[in-house]
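Q: Please go through this structure with me. I want to know what stands behind each label.

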Amino acid sequence: MYELIIIGAGPAGITASVYAARKKLEFLVITKDIGGQAALSGEIENYTGYQFISGPELAKKFEEHIRKYGVEVREGEEVIRVSRRDNLVEIFSYKGEYKAKTVIIASGKRSRELKVPGEKEFKNRGLTYCATCDGPLFAGKEVAVIGGGNSALDASLQLVRIAKKIYLVNIAQELIGDKIMQEKLLGYKNVEVLNNKKVTAVLGDKMVKSISIKDIVSGKEEVLDIEGVFVEIGLIPNSEFAVDVEKNQFGEIKVNCHNETNIPGIFAAGDVTDVPEKQIVIACGEGAKACLSAFTYLSTQK
Amino acid sequence: MSKSVKIYSTPTCPFCIRAKQFLKENKITFEDLDVSQNPEYAEEMIRKSGQMGVPVLDIEGEIIVGFDKERIKSALGL
């Protein structure tokens, strides 16, 4: 029996852990990985105190921070169900079953898939959701980045010095990512933006050879010969396991300004919630708030 | 008797960094092959694992794709 279980160890979960450790709560962290999406970012220039830090470096700093407090972390463990029963929260994972007085869900988001033929077959065979990880394997090759938001621009910026040519395949009329990133990217001659284009299939033999794209205005289809596909079309919340918790239309867990969900004892923080704006610094703040709210809840329960 | 351990990685990949940290923590000596610097390593990795995702670990011929802690542990007999 724990006072608190934190699900996830991205910016929100890590910050909640640091606060929980300092409040000397009896708690446990269950997580698939450490660092979450932050670990996959290329360049981070808007996290206070760091004018520049890479995602993996920040993730390492996060990990060092919780290791300092000797936090109990079950890494590589995925939660499959969270529900409240008899005044307690029950948490089931593929590896075990836990009970706690409170839980903070900070499970973040994962990459949205294209859902087109060939996507599954060519995953890691030229198609990837992580430019930071796999980008360097495409040195001197022609690649396509799918998307038009900040993550697509970030992925493209990571690739400009590696790949020979980058097609940025964007379904909307124009790019929606930050202007400063757009300007930076468009300064490179090896980048070509293709607006109003939808990917309809990923093609190849052993590895990716091309993608089929359709112009959503003219309806015309064409084949783009590339050897790499970087899918950056947004994110979906990892909230399926929180069965009884109220969510919005996007599957994000609804929280109030105290990070409380509709179920007493269940709190949520960071990108998995409906908090406006998904940013590392915001997720950190939300994680801190969630922990302090759980702490207050615990003291009123005694 | 220590096993031969190779890791195919890129310097930026967080799971590569974590996998290497894990090996170090367990005092496993390993050969780090940076596929971003050497296309031969990249080809070798693709041939061995049939895919392009990093990290790939080669532990005495057993190929492990990704930072799969449990499989790494069992391959190393930890």
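Q: Where does Asn87(A) lie?
A: In this predicted model, Asn87(A) sits in the loop between β6 (79-85) and β7 (88-93) of chain A.

Q: Why is Asn87(A) called exposed?
A: Its relative accessible area is 51%. Exposed means over 50%. So Asn87(A) counts as exposed.

Q: What makes the phi of Asn87(A) worth a remark?
A: Asn87(A) has a positive phi of about 70 degrees, yet it is not a glycine. Most residues other than glycine have a negative phi.

Q: Where is Glu277(A), and what is its phi?
A: Glu277(A) is in the loop between β19 (266-268) and α6 (280-301) of chain A. Its phi is near 75 degrees, a positive value in a residue other than glycine.

Q: How do you know whether Glu277(A) is buried or exposed?
A: The relative accessible area of Glu277(A) is 55%. The cut-off for exposed is over 50%. Therefore Glu277(A) is exposed.

Q: Which peptide bond is cis, and what is its omega?
A: The bond from Val54(B) to Pro55(B) is cis, with omega near -5 degrees. Pro55(B) lies in the loop between α2 and β3 (56-59) of chain B. Most peptide bonds are trans.

Q: Why is the pair Arg85(A) and Glu90(A) called a salt bridge?
A: The closest N and O atoms of Arg85(A) and Glu90(A) are 3.7 Å apart. The rule asks for a side-chain nitrogen of Lys or Arg within 4 Å of a carboxyl oxygen of Asp or Glu. So the pair qualifies.

Q: What makes Asp215(A) and Lys197(A) a salt bridge?
A: Their side chains meet at 2.9 Å, N to O. The limit is 4 Å, so the pair passes.

Q: Why can this pair be said to tie parts of chain A together?
A: Asp215(A) lies in strand β15 (residues 208-215) and Lys197(A) in strand β14 (residues 197-204), so the pair ties together parts that are 18 residues apart in sequence. Both residues are buried.

Q: Why is Ser212(A) called buried?
A: Ser212(A) has a relative accessible area of 8%. The cut-off is under 20%, so the label holds. Ser212(A) is in strand β15 of chain A. Leaving out residues up to four places away in sequence, it touches several residues, including Lys198(A), Thr200(A), Leu203(A) and Glu222(A).

Q: How do you know that Glu62(B) and Arg71(B) form a salt bridge?
A: Their closest N and O atoms are 3.3 Å apart. The limit is 4 Å, so the pair counts.

Q: Why are Glu62(B) and Arg71(B) called partly exposed?
A: Glu62(B) has 32% relative accessibility. Arg71(B) has 35%.

Q: Which residues make the nonpolar surface patch, and what is its area?
A: Ile171(A), Ile216(A) and Val217(A) make a patch of about 300 Å². Ile171(A) is found in the loop between β12 (165-169) and α5 (179-186) of chain A.

Q: How much area do chain B and chain A bury between them?
A: About 1600 Å², 62% of it on carbon and sulfur atoms. In chain B, Pro14(B), Arg18(B) and Met52(B) lose the most area to chain A, together 36% of what that side buries. The contact takes 21 residues from chain B and 20 residues from chain A.

Q: How many salt bridges cross the interface of chain B and chain A?
A: The rule finds three. Lys69(B) and Glu75(A) meet in a salt bridge at 3.1 Å, N to O. That is within 4 Å, so the pair counts.

Q: Which helices of chain B supply at least two residues each to the side that touches chain A?
A: They are α1 (14-25), α2 (39-49) and α3 (69-76) of chain B. The largest share, five residues, comes from α1(B).

Key. Residues numbered from 1 in each chain as written. Chains lettered and ligands numbered in written order. Predicted model: local features only at pLDDT ≥ 70, side-chain atom pairs only at ≥ 80, totals over all residues. Heavy atoms only, no water. Helix = DSSP H or I, 4+ residues; strand = E, 2+ residues; numbered from the N terminus. Buried < 20%, exposed > 50% of the residue type's maximum accessible area, 1.4 Å probe, protein only. Patch = residues over 30% accessible without salt bridge, like charges linked within 9 Å, V, L, I, M, F, W, Y side chains within 5 Å. Areas by Shrake-Rupley, 256 points an atom, 1.4 Å probe, with all protein chains shown as cover. Contact = heavy atoms within 4.5 Å. Buried area = accessible area lost by both parts, 1.4 Å probe.
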